[in-house]
Amino acid sequence: MPHTVLVVEDEPHIVDSLSFLMKKAGFEVFIARDGDAALRMVESRPPDLMLLDIMLPRRDGFEVLKTVRLNQAWRDIRVILLTAKGRDVDRLKGMELGADDFVTKPFSTKDIVRLVKQHLGVEESTA
């Protein structure tokens, strides 16, 4: 059974790009376009990993991350924060809330796939 990745992002072109990349890498992909939808999806089917934008409608990524980390049943979900803000204070806040990693937009598609595979313990193909 493939690993599941929940893409939580409100920018359509980024959603499309991340969804395509994750599917191409062999992951099952789910999409949420705001923080509330993300938490509903996590509750109904916890993903193995979340690509979580910080700036979201309804509930920001920091709030989503905090809620996920406070729920014992969701502690194993890997969370990679995505943000257009590259400030150290945002990175520090994300890591303090329990993010597994932090990626600043724009990001390299090759790097994001490598990072997701690394956090899920998926071997890189040598082809």
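Two strands count as paired if DSSP finds at least two bridges between them; strands (E, at least two residues) and helices (H or I, at least four) are DSSP runs numbered from the N terminus. With that in hand, welcome to a predicted model, in which local features need pLDDT of at least 70, side-chain atom pairs count only at pLDDT 80 or more, and totals for chains, interfaces and linings use all residues. Residues are numbered from 1 along each chain as its sequence is written, and side-chain values use heavy atoms, with hydrogens and water left out.

- Five bridges join β1 and β2 in the parallel sense, and valine 8 has alanine 32 of β2 as its bridge partner.
- Contact means heavy atoms within 4.5 Å.
- Buried means under 20% relative accessible area, exposed over 50%, and partly exposed in between (1.4 Å probe, protein chains only).

**The nonpolar cores**

- A nonpolar core is a set of buried Ala, Val, Leu, Ile, Met, Phe, Trp, Tyr and Cys residues joined through side-chain atoms within 4.5 Å.
- The largest one has 21 residues, of which Val8, Met50, Leu52 and Leu81 touch the most other members. The elements giving two or more residues to this core are β1, α2, β3, α3 and β4.
- Another core, of 19 residues, lies apart from that one and includes Val103, Phe107, Val113 and Val116.
- Not counting residues up to four places away in sequence, valine 8 touches Ala32, Asp34, Ala38, Met50, Leu51, Leu52, Asp53 and Leu56.

- In α2 (35-44), the buried residues are Gly35, Ala37, Ala38, Leu39 and Val42, and their cover includes β1, β2, β3 and α3.
- At the start of α2, a side-chain oxygen of aspartate 34 comes to within 3.0 Å of the backbone nitrogen of aspartate 36.
- Helix α5 (residues 109-120) has 12 residues that should span 16 Å at 1.5 Å a residue, which agrees with the 17 Å between its end C-alpha atoms. The expected span is 1.5 Å times one less than the number of residues.
- Among the buried residues of α5 are Ile112, Val113, Leu115 and Val116; β1, α1, β3, β4 and β5 are included in what covers the buried residues.
- Just after α5, glycine 121 takes a positive phi of about 70°.

**Glutamate 9**

- Glutamate 9 sits in the loop between β1 and α1 and is buried, with a relative accessible area of 0%.
- Its side chain makes a polar contact with the side chain of lysine 105 (2.9 Å). A polar contact is a pair of N or O atoms within 3.5 Å; within protein, one must be able to donate a hydrogen and the other to accept it, and residues adjacent in sequence count only if both atoms are side-chain atoms.
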